[in-house]
Amino acid sequence: IESNLEIVLLIRQNVWLKVTSDGDTLFQGRQVAGNVLTYTGEDAITLETGNIAAIEIIFNRQTIDPITEVIGTAARLLFTADGMQQLSLIDLPENP
């Protein structure tokens, strides 16, 4: 079955990451350099990591330009049919 969204993560350095697809956590933990991970989703895939410079991202067969080369830069990225966008690192509390 073809999925709408596919991300391939090429791990360049040991790194912590969390991948969520359509609301379900697919992976949370450490990955070691050299690993290649593929995740799919229908509506949205979120990638959270403590070191975005350690991960090369291919989204729907297109290589994503690095957000930063600075080692240790945390990031949250959202992938949808519209493309990729950066999210704030802290979820803002909802107004009561």
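**View 1. Phe79 is buried, with a relative accessible area of 0%.** Buried stands for a relative accessible area under 20%, exposed for over 50% and partly exposed for what lies in between, with a 1.4 Å probe and protein chains only. The model is predicted: local features need pLDDT of at least 70, side-chain atom pairs count only at pLDDT 80 or more, and totals for chains, interfaces and linings use all residues. Residues are numbered from 1 along each chain as its sequence is written, and side-chain values use heavy atoms, with hydrogens and water left out.

**View 2. A search of the whole structure finds 1 aromatic pair.** The ring centres of Phe59 and Phe79 are 5.0 Å apart and the planes stand at 50°, so the pair is tilted. Rings of Phe, Tyr and Trp (its six-membered ring) pair if their centres lie within 6.5 Å; planes under 30 degrees apart count as stacked, over 60 as edge-to-face and the rest as tilted. Phe59 counts as buried at 8% relative accessibility.

**View 3. The side chains of S6 alternate.**

**View 4. S6 belongs to an open sheet of 4 strands in the order S4-S1-S6-S7, with antiparallel pairing.** Strand S4 (36-41) and S7 stand at the edges with a single partner strand each, so one side of each is left without a neighbour in the sheet. Two strands pair if DSSP finds at least two bridges between them. Strand S1 (residues 5-11) is joined to S6 by 5 bridges, and the two run antiparallel. Across this pairing, Ile7 stands opposite Phe59 and Leu9 stands opposite Ile57.

**View 5. S6 and strand S7 (residues 62-63) pair in the antiparallel sense over 2 bridges.** Thr63 in S7 is the bridge partner of Ile58. The hairpin of S6 and S7 has 2 residues between the strands, and Asn60 takes a positive phi near 50° there.

**View 6. The largest pocket holds about 190 Å³ of space.** Its lining has 15 residues, of which Ile52, Ile55, Glu56, Pro66 and Ile67 lie nearest its centre. S6 gives the largest share of the lining, 3 residues. By class, the lining has 9 nonpolar, 2 polar and 4 charged residues. A pocket is an open set of points on a 1 Å grid over the protein atoms alone, where a 1.4 Å probe fits, with protein on both sides within 12 Å along at least five of seven lines; lining residues have an atom within 4 Å of a point.

**View 7. 5 strands form an open sheet in the order S3-S2-S5-S8-S9, with antiparallel pairing.** Strand S3 (24-31) and strand S9 (83-87) are the edge strands, and each pairs on one side only. Within the sheet, 5 bridges join strand S2 (residues 15-21) to strand S5 (residues 45-49). Leu47 in S5 is the bridge partner of Val19.

Technical notes. Grid points are joined across faces, edges and corners, and a volume is the space filled by probe spheres set on the points. Ala, Val, Leu, Ile, Met, Phe, Trp, Tyr, Cys and Pro count as nonpolar, Asp, Glu, Lys and Arg as charged, and the others, Gly among them, as polar.
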